[in-house]
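Let's take a walk through this structure together, one region at a time. Have a look at the sequence and the model first, and then we'll pick a place to start.

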Amino acid sequence: MTQYVYRFGGGVSDGGNGDKNLLGGKGANLDGMASIGLPVPPGFTISTPVCALYYDSGESFPDSLKAEVATGITHIEGVTAKKFGDPADPLLVSVRSGARVSMPGMMDTVLNLGLNDATVQGLAATSGDDRFAWDSYRRFIQMYSDVVLGLDHGRFEEALEIAKEDNGFSLDTELSAKDWQKLVAEYKAIVEELWSKPFPQDVHDQLWGAIGAVFGSWQSERAKVYRRLNDIPGDWGTAVNVQAMVFGNMGETSATGVAFTRDPAKGDNAYYGEFLINAQGEDVVAGIRTPQYLTRAAREAAGAKPLSMEEAMPEVYAQLAGVFETLETHYRDMQDIEFTVERGKLWMLQTRSGKRTAKAALKIAVDMANEGLITQEEAILRVDPMALDQLLHPTLDPNATRDVLTKGLPASPGAASGFAVFDSDTAEKRAAAGDSVILVRVETSPEDIHGMHAAKGILTARGGMTSHAAVVARGMGRPCVSGAGTLAIVAKEKLFRVGGREVREGDTITIDGATGEVMFGAVPTVQPELSGDFGTLMVWADTKRRLKVRANAETPLDCRTAREFGAEGIGLCRTEHMFFEGSRITAVRQMILASDEKGRRAALDKLLPEQRSDFVEIFEVMAGLPCTIRLLDPPLHEFLPHEEAEFEEVAKAADIDVETLRRRAAELHEFNPMLGHRGCRLGVTYPEIYEMQARAIFEAAVLVAEKSGAAPIPEVMIPLVATRRELELMKIVVDKAAEAVFAEKGRRIEYLVGTMIELPRAALRAGEIAEIGEFFSFGTNDLTQTTLGVSRDDAARFLTTYVEKGIYARDPFVSLDVEGVGELIALAAERGRATRPGIKLGICGEHGGDPASIAFCEATSLDYVSASPYRVPIARLAAAQAALKA
């Protein structure tokens, strides 16, 4: 019989061997902590395969599971000496999710399960604290009603606020046992009103309801959005962890907290976290109360008055610090820990590898390697390449004027300006329209995941450094300011008030996640400085990678940026971008409108010095490095006016009448220009265009070689080739131009002529194309379009649905379709090498900066990838990781 339940704690372990795929991350780590002797409340894990069975069976459980769960409950009863459902001395449990990778806040939790009208009396008697017992019962009803019964949690929050107002209280902790007892009765009445049934009193019904709800939350909208954003497969499923409750809300000697063994924002080797006395876990992460600092140093740095845990509970804090060291040494990574202190005794509820910012990830990886805790290779593998994006963009100019409205907690570093918006749906809509927005909320919840992703930054009035907003923002790389308590947010009116000022939706604000400042208006930014840990890790990565990394660049600024980020040449220079500049567009249009070759050449003669100048600037930056230059690719009609108002202006500049211009534009119009008269088809029809561009390239290369002594290596790329003959004709044009320039200048330079493989036919006929072409650059943007028969510009309407339904694992324009497009690339590489063993192979589409696509390039033994300048470091690190994993 298949085993589905695995016990832990109390000296018992049913195996699983820390397998996160089987037990989920939380279950594996609970078992791991128990096995090394840490104080872990006993419990059991229902394994992840049950999640798939639950959905495959129409949301029902395997027949054998009931008996296994009963055995698990018996195990907890034996260790705790309490009975589940016993009115005299009841066992209470928590029911939590636990996927194989951390998904903070995305799935459901139920605490204090096992309380009912009878067991609450037993809890009051055994604890000697009526207030604690009734507080726990009202918490359970509120949480169970929301998570399991799906009732409006706002009704319960409203009842709680009214109860506090009626008594003149501001804090939950001020309410007495009688107040809680009265509120429990009110909560039960709300349940009966909304659910049409009384609140469940049978503890076993409660347990199975909670287990079903946790499995059910795997397919909640927020969980699906999070999985899509983080590339987590939907078929992994979640485990469910059932564990004996320990209580942080049993008075002044009890507490609960969240901690990190190192600073998750900066990476410093210092304990980081928050705790609350007389509270349960959700009080810390939900921002219901403002937490206290863990360490004295952190409290003093923040200028906070409430005592830190180090000061308020020195003995327990010392024990906790020892646990931090044990866990970090055991797991060899920074840990994110949840703990509870019950009447002076420390209990560990969770540990996992902590979410961290890119800056922290770099520092922690480098520091741990230098400390000898991990190897340099492991350090390279620890940093998510895409997280480097957080480091490669501007921060606020420290010298800029700032109109500071208020200051909150610096919850996630970085800075952003945008229009203030007050709900996640508006954030998503405005961001889709191209606006930069800052999401302003009293506090965020998992339902805000889509708005948080759409926003440039997040601002909350409540919550601490480990609140939902802070943790999720750090994981996303969004700047976040939390706990800005002076903000009076009026969500219904879409405004907030602070210091006598009013900020409405649509007003621009700026947040600085490094300082916690909130400013009115936009604040200028400065470029980041990449050194220190970033530089160290990049040096280590460069020694491990095989793939070369180039940049897609066509301006001197792009080229300089790429070189600063470590690019080893240009993988794609799009020459058409140069044609759209002011004075040049007129000459381009004259060339297009010319009625014969003589007229076209006269216009091209005007463009030649401009093109040469462009290439000189690029080659000076890239002296001594390979530069792949793509000859003109887009159809000619793109250079002509499209709006009626433009025709007269263009006609006047070109010295022709408007009707002639309109007629020529009509002649060039195409119904499907992506597959029309473009690329090498232009070169075949009008070879003088490619001749001019080739001459400009070689004249510039010779000029730079003479000036600097370090000649660039031009790689002249012919686009959209489908046949050997097309490339052969174009190579003749390029070679002829090269020889003419070399003869005129009395100097030769090395160069290559190759093609962009972006059509399926070219991939299939790569063997014969390689007879002419000296390199292949896979243009994966167009190769994806032509292979899938999908327009990149129109695919957004349905690709999200395709990914959600599992048709594609990821958007194929973001991450390479390995099974389809990838097979064509592998086939072309194999056939090209069979003909020309030394042929140079690379990719230059957007996929060149995608880590998963780079791993495919490593596996296919391509020679280089080319990415946009700001993605060059991402590609360098991803290439090293691919080589280490190969």
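Predicted model: local features only at pLDDT ≥ 70, side-chain atom pairs only at ≥ 80, totals over all residues.

Residues are numbered from 1 along each chain as its sequence is written, and side-chain values use heavy atoms, with hydrogens and water left out.

Now step back into helix 14 itself, residues 358-371. Helices (H or I, at least four residues) and strands (E, at least two) are DSSP runs, numbered from the N terminus. Helix 14 has 14 residues and spans 20 Å from its first C-alpha to its last, close to the 20 Å expected at 1.5 Å a residue (the expected span is 1.5 Å times one less than the number of residues). Since 10 of its 14 residues are buried, helix 14 is largely enclosed by the rest of the structure. Here buried means under 20% relative accessible area, exposed over 50%, and partly exposed in between, using a 1.4 Å probe and protein chains only. Among the buried ones are Leu-362, Ile-364, Asp-367 and Met-368. What do the buried residues of helix 14 pack against? They pack against helix 13 (314-331), helix 15 (376-382) and helix 19 (533-544), with contact meaning heavy atoms within 4.5 Å.

Next, the nonpolar cores. A nonpolar core is a set of buried Ala, Val, Leu, Ile, Met, Phe, Trp, Tyr and Cys residues joined through side-chain atoms within 4.5 Å. The largest one has 130 residues, and Leu-388, Phe-619, Phe-698 and Ile-718 touch the most other members. Helix 27 (residues 687-708) gives this core its largest share, 12 residues. Leaving aside neighbours within four places in sequence, Phe-698 is in contact with residues including Val-716, Val-734, Phe-742 and Tyr-751. There's also a second, separate core of 84 residues, which includes Trp-180, Ala-244, Ile-449 and Ala-455.

What about empty space? Rolling a probe the size of a water molecule over the atoms shows where it is left. On a 1 Å grid over the protein atoms alone, a cavity is a set of points where a 1.4 Å probe fits but cannot get out, while a pocket is an open set with protein on both sides within 12 Å along at least five of seven lines; lining residues have an atom within 4 Å of a point. Grid points are joined across faces, edges and corners, and a volume is the space filled by probe spheres set on the points.

The second largest pocket holds about 710 Å³ of space. It has 29 lining residues, and the closest to its centre are Asp-633, Arg-678, Asp-782, Gln-785 and Arg-792. Helix 31 provides the largest share of this lining, four residues. Thr-784 lies in helix 31 too, and at 0% relative accessibility Thr-784 counts as buried.

Finally, there are three cavities of 30 Å³ or more. The largest cavity has about 70 Å³ of space, and the closest to its centre of its 12 lining residues are Arg-139, Asp-172, Thr-173, Asp-283 and Arg-289. Helix 5 (residues 130-147) supplies the largest share of that lining, four residues.
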